[in-house]
There are 2 protein chains.
Amino acid sequence: MGDYRKLWSDLGMDLEKHDKLCAVLPELYSSVYLTQENRPEGMNYFNFVVAEVHGLRIQELDEHKKDGGKVVGTFCVFVPDEVILAAKAISVGLCAGSQFWVEDGEKVLPRNLCPLIKAFMGAKVGGTCPYFNSCDMVIGETTCDGKKKAWEILEEYVPVHVMDLPQMKKSKDYKMWEDEIKIVIEKIEELTGNKVTVESLKEGIRIANAKRRALKRLYNFRKLKPSPISGLDALLISQIAFYDNPLRFTEMLKALCDELDERAKNLVPDNSKRLMITGTPMAVPNWKLHSIIEGLDAQIVVEETCTGTRYFENEVSEEGDTIEDLIKNLADRYLKINCACFTPNHGRIEDIIKYAKEYSVDGVIDANLSFCHTYAIEHRDVETGLKEKNIPVLQIETDYSSEDSGQIKTRVEALLEMI
Amino acid sequence: MGDYRKLWSDLGMDLEKHDKLCAVLPELYSSVYLTQENRPEGMNYFNFVVAEVHGLRIQELDEHKKDGGKVVGTFCVFVPDEVILAAKAISVGLCAGSQFWVEDGEKVLPRNLCPLIKAFMGAKVGGTCPYFNSCDMVIGETTCDGKKKAWEILEEYVPVHVMDLPQMKKSKDYKMWEDEIKIVIEKIEELTGNKVTVESLKEGIRIANAKRRALKRLYNFRKLKPSPISGLDALLISQIAFYDNPLRFTEMLKALCDELDERAKNLVPDNSKRLMITGTPMAVPNWKLHSIIEGLDAQIVVEETCTGTRYFENEVSEEGDTIEDLIKNLADRYLKINCACFTPNHGRIEDIIKYAKEYSVDGVIDANLSFCHTYAIEHRDVETGLKEKNIPVLQIETDYSSEDSGQIKTRVEALLEMI
């Protein structure tokens, strides 16, 4: 990585504290990722992106800002990237996946809270995330009590606009979500000075759909036995999708998939167990569960999470001649996401059972971040649905610390022995 | 208490398990309440209500049901009692405040959840609450993630209708809440077979307002130095307000207030510290904090909670000639409640500061049930607001168990020494 200290300093970061983060990340990445055998060549691009995670991409954001462009931070798959793209702004997914940030987050938030929320808050409060410090605005949402109330505190540090996501999926909720998309369009137009037009919104939809299609193509390879790509690598690609340049990302992912096409012709059968992960998102650099599980005789072949299928399934229709038509298309697509924030949320159980079949899984791990009430309570439904189909399921509730890694390993081993 | 075993048995309760609850409650009540000195005579009615909590009132519900009437359970101050009254149904507030029910609740819910939710679920799952078993329908709401998802499980045991409470207070949210009130009116009309008319809804509003006014009058006595009624007694009265016959309750409370009028003429000044409780609700029989605090040299003079001011402040206007007018009045009044479920929720901090002055408090205890994210995160705002006014504040997060009682006592003692 080049020397970005001036850039970081100009962003108002705490360089000394940030150095500590920079000191541990490469080692973690190297031990988790670079030790994998026989990785596709196409993963080199993603290795490079991680190596430059706080460097080159931040420089790109900086250049965009110097040209008068704006950067918008998001934390959730419900925030429509299409709108941000249409206004010529750059969207960066800010979900924070490291224990490093938790301590600073706990300075302003209760300890009994999901590590993801504490981490993103800590990243901002401590001034150790150059993405966060590049943001002109953050778009939050009301997907859970923790985030809903955390925005109130975050607003002391950066302008925040909160999208009010419906809690149900009645017909009036679709209308409500359309209204919220209209409001966020106005907000982004105001921020950027750029008008969102039918043409620019269609272009945004095309870019986002192309990214979704590329991810879907990647996931389709994972249906093969064995998958020609590890769960760890697929997770990394999904994580990078949130903050990389979307056009470049899609091209590089297509190139990787072309390579996987070749690999798929010469698959060597093995006996490793095929697992699905379902539950809460895994933000960079949260590779904890994947690295434990794939260190055993198992492969993760699908994630029914926000850093998995929920991010890319279902495209937005490009049909329509007015902004209203396109907003309706956006609302329709986004409300197809089956997040535990909705009540009821039967669609998620149906998704899980469908994926279990499509990806031929031997078992499911329902993995939730600590103190995430919605997913924790919904576990009962997940378990009931899977048991009816005779699919073994293991619930793991964990945070970003490594204290419980040994215990998790033992529990996963027990699951693997059973199936 | 009379013999209600046949009644309980007909309600499908678990008599053996319920006996265990019946065995501990009178002792708890006696040690917490009946040891208070110089209580007003008017408290005898409320003693009687507690003594008959699972008896006489349940028999009244039973008689109402035998006459073709319906019983509707609620869990939150946002559910409009006026509508239930208008349809000639009986509303019972089901908030469950005992550790006794938690164990059964944890059979279907995660442990890392607020004790109130685990308790109400346990009361139903274990068949140990005759109120719950008398309910023809429960009206839930989306005030927090825990309850929102718990309704999905509760629905396996009793019909549940969920009111979708807005998460903000923008003008469109008022409209949304009016729509939700319309929907609940239809649901209740369907359940009872009784039409909600302008006249019956006005009558419901009058009954609910009269109860609010009586509670407000009670609270006004607490502004006196010293208050002629203990915090423990005021809390009990608020708790009973949720399930007693509203007309009788209001009359008996008025009689108590008449007695307090007399007492107010001969107050003997004392030096006990005056405290406000703010935070989450305290459901029957959760008297834990009040009994610890008033066992020290302190008096609780106001609760800014759902079992306090949030329950009775602001009346519903009776003005209007149509159902729509009255629904608008209901929405306006209910959305004045400053619950931490809203974002932002500055009104609550303003309320707390206003009450601190009106009730001349020396300090505030921000008391939240464990794992309640919204109130826990909002504590920072509460603390900041109070510190600006130089009002000492102590945060206590606790559940229904008695394990931390000693620690709480020590912390409250430290607060009292400081002020």
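A salt bridge here is a side-chain nitrogen of Lys or Arg within 4 Å of a carboxyl oxygen of Asp or Glu. B:Glu180 and A:Lys172 form one through their side chains, at 2.4 Å from N to O. Between chain A and chain B the count is six salt bridges. This is a predicted model: local features need pLDDT of at least 70, side-chain atom pairs count only at pLDDT 80 or more, and totals for chains, interfaces and linings use all residues. Residues are numbered from 1 along each chain as its sequence is written, chains are lettered from A and ligands numbered from 1 in the order written, and side-chain values use heavy atoms, without hydrogens and water.

Now the interface as a whole. Chain A gives 43 residues to the contact and chain B gives 43 residues (contact: heavy atoms within 4.5 Å). The two chains bury about 3700 Å² between them, 51% of it on carbon and sulfur atoms. Buried area is the accessible area (1.4 Å probe) that two parts lose on being put together, summed over both.

Next, the backbone of chain B. The peptide bond from B:Val284 to B:Pro285 is cis, with omega near -5°. Another cis peptide bond joins B:Thr343 and B:Pro344, with omega about -10°.

B:Asn38 is not a glycine, yet has a positive phi of about 55°. B:Asn38 is exposed, at a relative accessible area of 64%. B:Ser360, also not a glycine, has a positive phi of about 50°. B:Ser360 is partly exposed, at 24% relative accessibility. The classes are buried under 20% relative accessible area, exposed over 50%, and partly exposed in between (1.4 Å probe, protein chains only).
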